Amino acid sequence: MTNRFTAVWADNFAQEIAAVDRFLTHFPIVSFDTEFPGFLRNTPRSASDALRYQDLRFNVDSLKLIQLGITLFDDLGNIGGTWEFNFRGFDEETDPHVADSIALLKANGLDLEKFGKFGIDPEVFKEGFAEVLRMHRGRLLWVSFHGLYDSAYVMKLMTRKAMPSSPTEFAAMAGNLFERVCDLKFMAKFYQGLLGGEIGLERMAKILRVQRYGDAHQAGSDSLLTADAFVKMRAQFGLKPGMYEGFLYGLSPKICASSVHRVRAPPGQVILVPVVPTRPVILARRSSYSSRDQSFQSHHQASPMLYPYPSPAPMFMHRPMCIPFHALPQAPPHYQIHM
């Protein structure tokens with residue numbers, strides 16, 4: 001069903017990034033997937049965490065992102081839309097790649113010559129998408145399947161920096177960009193019938209009886225399938241908001257939004273502050289006020305709050321969502337999938 005996907009190129013990027021911004025207001029869960037030119041280093045299953053991360057660092061630093069797919073949806077599973085962002089910059093003749101991986105992408109419909117001519121400049125994407133993320137900071141949940149490499153490529157795209165030197169530094173950078181993450185492959189480890197997490201996205205979708213739209217190994221289709229599988233898992237197993245957040249399969253440190261975000265408002269103006277159930281909002285004033293005015297904690301109100309601002313301008317602070325730690329969460333009781 002091709003009408004489910006919007007292909008984004010250089011000529012319609014401004015229009016579609018504005019659409020993403022609008023849709024995020026009502027569909028704040030982002031499932032995402034990437035396509036890239038393979039793995040120059042293949043990591044053995046038995047590899048240590050340190051080796052696994054160093055291989056990831058080498059691969060991501062050496063290769064270029066080709067395509068990013070995102071699907072926006074809400075807590076009820078309603079889909080807002082799916083976008084495929086197609087990037088220029090990869091040259092099969094001169095850039096490092098794995099020939100078999102490129103052949104697979106071509107076999108699944110990616111026209112790399114078209115990408116080179118009409119693709120989005122990564123720097124243009126970074127500037128546009130960074131503004132969108134800034135407007136929705138503190139509201140989004142990022143969902144992936146085996147999303148360590150997907151997250152790394154998005155981090156490279158948005159920071160234009162090399163990968164951090166250690167997994168702990170990687171988790172800190174990821175927390176600053178994504179804030180809240182959830183990985184279906186990690187979640188699958190805790191539920192019977194999903195093979196202890198040793199399973200691919202296609203196999204998981206078949207077990208959960210989730211239908212794919214579009215072609216495999218295209219980022220838009222994979223992101224939509226990830227969204228549908230996530231919704232099905234939450235319904236099937238009764239997952240509560242916040243469960244398994246902060247963990248990517250293959251990465252030990254937990255990913256957390258560890259910084260305090262401040263939003264300043266000019267005197268005499270009104271700011272709309274979205275209430276996020278998992279992120280209490282604190283109102284703090286910089287001068288002396290009564291104890292009632294000095295702080296306000298939201299109690300999961302259903303609608304946003306409006307605050308008029310006298311001078312001096314007060315400051316909103318989002319509390320850190322969690323404290324980074326290395327231990328994995330305790331496994332819940334196992335659930336059996338009923339076929």
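This note sets out numbered points on one helix, the aromatic pairs and the nonpolar cores of a predicted model.

1. Helix α1 covers residues 13-24. Its 12 residues reach 16 Å from the first C-alpha to the last, close to the 16 Å expected at 1.5 Å a residue.

2. Buried are F13, E16, I17, A19, V20 and L24. Seen down the helix axis, these residues fall within an arc of 155°, so they line one face of α1.

3. What covers the buried residues of α1? The cover includes the strands β1 (5-8), β2 (29-35), β3 (67-73) and β4 (79-86), together with helix α5 (122-135).

4. The model contains 24 aromatic pairs. One of them joins F32 and W142, whose ring centres are 5.5 Å apart and whose planes stand at 90°, so this pair is edge-to-face. F32 belongs to strand β2 and W142 to strand β5 (residues 141-144), so the pair ties together parts that are 110 residues apart in sequence. Both residues are buried.

5. F32 also pairs with F178. These two rings are stacked, at 5.8 Å centre to centre and with 25° between the planes. Since F178 lies in the loop between α7 (167-177) and β6 (181-183), while F32 lies in β2, the pair ties together parts that are 146 residues apart in sequence. F178, like F32, is buried. Ring pairs link F32, W142 and F178 into a cluster that also includes F13, F85, F87, F125 and F129.

6. Charged side chains also meet rings. The charged end of R41 sits over the ring of F58, 3.9 Å from the ring centre. Likewise, the charged end of K185 sits over the ring of Y249, at 4.8 Å from its centre.

7. The largest nonpolar core has 46 residues, of which L56, I70, F85, F125, W142, F170 and F178 touch the most other members. Among the elements that give two or more residues to this core are α1, β2, α2 (49-62) and α6 (148-159). Helix α6 gives the most, with eight residues. Leaving aside residues up to four places away in sequence, L56 touches L148, Y149, A152, M163 and F170.

8. A second, separate core has 30 residues, including L184, V210, L239 and Y244. As a general background, nonpolar side chains tend to be buried together in soluble globular proteins.

Definitions and conventions: Residues numbered from 1 in each chain as written. Predicted model: local features only at pLDDT ≥ 70, side-chain atom pairs only at ≥ 80, totals over all residues. Heavy atoms only, no water. Helix = DSSP H or I, 4+ residues; strand = E, 2+ residues; numbered from the N terminus. Expected span 1.5 Å × (residues − 1). Buried < 20%, exposed > 50% of the residue type's maximum accessible area, 1.4 Å probe, protein only. Arc of directions from axis to C-beta. Contact = heavy atoms within 4.5 Å. Phe/Tyr/Trp six-rings, centres within 6.5 Å; stacked < 30°, edge-to-face > 60°. Lys NZ or Arg CZ within 6 Å of the ring centre and 35° of its normal. Core = buried A, V, L, I, M, F, W, Y, C linked by side-chain atoms within 4.5 Å.
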